[in-house]
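I opened my notebook to get to know this structure, and you are welcome to read along. My entries follow the order in which I looked things up.

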Amino acid sequence: SVKSRRILVTGAAGFIGANFVDYWLTQYPNDQIWGLDKLTYAANLRNLSEAIKSVRFTFVKGDIADESLVRGLVIEHHIDTVINFAAESHVDRSIASADEFVQTNIVGTHNLLKVCKSIWIDDPNWCQRKPEVRFHQVSTDEVYGSLTIEDDSFTESSPFLPNSPYSASKAAADHMVRAFGKTYGLPVTTSHCSNNYGPYHHVEKMIPMIITHLLENETIGIYGDGLQIRDWLHVEDHIRGIEHILKDGIAGEHYNIGAQYELTNIELVHRICKLMEQEFSQRPELHAQYPMATALQTGTSTSLIEHVPDRLGHDKRYGVNFDKLAELGYQPQVDFDAGLKRTIAWFMR
Ligand code: NAD
């Protein structure tokens, strides 16, 4: 549709939020975006260095749980679309302490819903203008729990069985989103995506950790036997999935977004080692640029892999069925090896 949107993107300085902002500014020249981010340790304002050059993008530092701030933004800028990327997102941190996860992922999401409902549904001035509105919640496939090798992938009717404090906080938020749709008629949609990779990813996460450790000749710690299976989705495909939901998704529904590209963690490390060794053998100038990357230069990178005690409650396998979103026209487009190569190049830029 040609309708122009006024979008509040929360968590805009994080990995996926920043990729969304870049994509959207390029694809939708009539849309205005406000990026709200608390700038936690996970944020990086440099992720928005292209976006802030655009007059159609405004950055706001703040907390999604701050009611008066969010209310002011939605009213003043006539926000008609909220896309909630803001979250505490690292499972290991949630195991160490879940306080921030409850505060941001649950209380913060509820605050956004509450503000949107009070303006979009209850405010007579707003309702007279009759803008089309949408609240989109960015969730995870981890709310469904874990699969065995034999199980079929998760569908949208799989029960919520979260296992980590992180996934439990996301599941709680998703239930609240659903409830605001059912109870008050707030036009809500939710997406559950698999593991993302791509530019702007925080170095504490698996793929960036492997790449940066290889460049520094540091040990690559792999949890347990490394046979946990993850479905890897390029962040651009995730964003295209959200785009389909915003355009054609039905309010009140939730949609899985995946790539059906499942790999064990140990296969993934070996894949990255191989691609990076190839890069180093084809481009000798990299040896001077990354003097520490001796294992890459000598073709012995897999010797850096070290198995460490498994994460508590570590889920064995995630995998999503995205037939429902495919009906709206979604198909993942990024080939995994090509996407991984581009990601490696980005971290070595
Ligand atoms: P990220 O940790 O890179 O970014 C999160 C951003 O949210 C950060 O910039 C942080 O400063 C901001 N933030 C945190 N608390 C905030 C608050 N109270 N108010 C405002 N901003 C706050 O995370 P990501 O990987 O970009 O994930 C984005 C969303 O996608 C999350 O909701 C996550 O649960 C979901 N998700 C991520 C993946 C993945 O593989 N990365 C997979 C499935 C779902």
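**Ground rules.** I call a residue buried if 20 or more other C-beta atoms lie within 10 Å of its own, exposed if 12 or fewer, and partly exposed in between, with C-beta atoms placed from the backbone. This is a predicted model, where local features need pLDDT of at least 70, side-chain atom pairs count only at pLDDT 80 or more, and totals for chains, interfaces and linings use all residues. Residues are numbered from 1 along each chain as its sequence is written.

**Entry on Glu262.** Glu262 sits in strand E11 (residues 262–264); helices (H or I, at least four residues) and strands (E, at least two) are DSSP runs, numbered from the N terminus. Leaving out residues up to four places away in sequence, Glu262 touches Ile229, Asp231 and Gly319, where contact means C-beta atoms, placed from the backbone, within 7 Å. I also looked up Arg46, which is 216 residues from Glu262 in sequence and 31 Å away in space, C-alpha to C-alpha.

**Entry on helix H8.** I checked the length of H8 (residues 235–248) next. Its 14 residues should span 20 Å at 1.5 Å a residue, and the end C-alpha atoms are 20 Å apart, so the two agree; the expected span is 1.5 Å times one less than the number of residues. Among the buried residues of H8 I noted Val235, His238, Ile242 and Ile245.

**Entry on helix H1.** H1 has 13 residues and reaches 19 Å from its first C-alpha to its last, close to the expected 18 Å. Its buried residues include Phe15, Phe20, Val21 and Trp24. What do the buried residues of H1 pack against? I listed strand E1 (6–10), E2, strand E3 (57–61), strand E4 (81–84), E7 and H8.

**Entry on the ligand.** The shell around the ligand holds 31 residues, of which Gly11, Gly14, Ala42, Ala43 and Ala87 come nearest; a residue counts as near if its C-beta atom, placed from the backbone, lies within 6 Å. Elements that give two or more residues to this shell include strand E2 (32–37), helix H4 (99–121) and strand E5 (134–140). H1 gives the most, with three residues.

**Entry on the core.** I found 82 residues in the largest nonpolar core, and Val9, Val21, Cys116 and Leu214 touch the most other members. Such a core is a set of buried Ala, Val, Leu, Ile, Met, Phe, Trp, Tyr and Cys residues joined through C-beta atoms within 7 Å. Cys116 touches Val74, Val82, Phe135 and Leu186, not counting residues up to four places away in sequence.

**Entry on backbone angles.** Most residues other than glycine have a negative phi. His78, not a glycine, has a positive phi of about 50°. I located His78 in the loop between helix H2 (67–76) and E4, and His78 is exposed, because it has 12 other C-beta atoms within 10 Å. Asn217 has a positive phi of about 60°, although it is not a glycine. Asn217 lies in the loop between helix H7 (206–216) and strand E8 (220–223), and with 16 C-beta neighbours inside 10 Å Asn217 counts as partly exposed.

How values were computed:
Two residues are in contact if their C-beta atoms, placed from the backbone, lie within 7 Å.
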